[in-house]
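Reader: I would like to see how the labels given to a structure follow from its values. Please take them one at a time.

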Amino acid sequence: MDDVRVAAIASLTPLEELDADPFLVDTRSQHAMCERWAADKGYVVIRQLLFYGLRPDHRMLWADVDAGAVDLFVAPNERVLERAVTSARAFSAECERRGVRLETAGLDEPAYDARMKAHVHRRLSMPTAGYDGC
C-alpha cells in the first residue's frame, strides 16, 4: 500500500502574540500536532509548510501537489489555518477543485505556562545566535 503523503501547515504568527495565543506562535508544536495526527493514521508528513496570510492560490502552496508529491494538507486546527492563509474557505474550495484533501488534526493543544512561553520566546527570538531550540 502506498503511503499517504501529507503537507503540514503551520501559521507564522508574530512573536508579539505569544502571551495572547501561544499555540499560534509555537510553530514547532503546530507541526508536532500534525505529525502525531498523520502517524495515527499511518500517513507520512513529507513537507512542513509555514505561512502567514498566504493567498490560497499561491503557487508555493500547490507546487508539491502539482508535482504529485502531496496527497493532502493538514493544519492543527481551524484557527491556525485561518492565520496561515488569507481565506480558509477559499483554500478549502481550491483543495476541493484540485482534488486534494484538507484535514485539521483537532488534537488538544499543549497547556502553556510561563516556562513554556519563555522557551518558545527564546527559540524564536534567537535563531541567528545559533540557538536550536533544545
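This is a predicted model: local features need pLDDT of at least 70, side-chain atom pairs count only at pLDDT 80 or more; totals for chains, interfaces and linings use all residues.

Reader: Why is α3 called roughly parallel to α5?

Author: The axes of α3 (residues 59-66) and α5 (residues 88-98) cross at roughly 25 degrees and come within 13 Å. Angles under 35 degrees count as roughly parallel, so α3 is roughly parallel to α5. The crossing in which α3 passes α5 is right-handed.

Reader: Which residues of α3 and α5 meet?

Author: From α3, Leu61, Trp62 and Asp66 meet Phe91, Glu94, Cys95 and Arg98 of α5. Sorted by class, this contact of α3 with α5 holds four nonpolar, three charged and no polar residues.

Reader: What makes Asp66 one of the charged residues?

Author: Asp, Glu, Lys and Arg count as charged, and Asp66 is an Asp, therefore it belongs to that class.

Reader: How do you know that the buried residues are on the same side of α5?

Author: Ala88, Phe91, Glu94 and Cys95 are buried in α5. These residues cover an arc of only 120 degrees around the axis, so they lie on the same side of α5. Buried here means under 20% relative accessible area.

Reader: Which residues are exposed on the other side of α5?

Author: Arg89, Glu96 and Arg97 are exposed there, and that label calls for over 50% relative accessible area.

Reader: What do the buried residues of α5 pack against?

Author: They pack against α3, α4 (78-84) and the strands β1 (5-11), β3 (72-75) and β4 (101-104).

How values were computed: Residues are numbered from 1 along each chain as its sequence is written. Side-chain values use heavy atoms; hydrogens and water are left out. Axes are lines fitted to C-alpha atoms, for helices over the stretch in contact, and angles run from 0 to 180 degrees between N-to-C directions. Helices (H or I, at least four residues) and strands (E, at least two) are DSSP runs, numbered from the N terminus. Angles under 35 degrees count as roughly parallel, over 145 as roughly antiparallel, 65 to 115 as roughly perpendicular and the rest as oblique. A crossing is left-handed if the near helix is turned anticlockwise from the far one by less than a right angle, and right-handed if clockwise. Contact means heavy atoms within 4.5 Å. Buried means under 20% relative accessible area, exposed over 50%, partly exposed in between (1.4 Å probe, protein chains only). The arc is that of the directions from the helix axis to the C-beta atoms.
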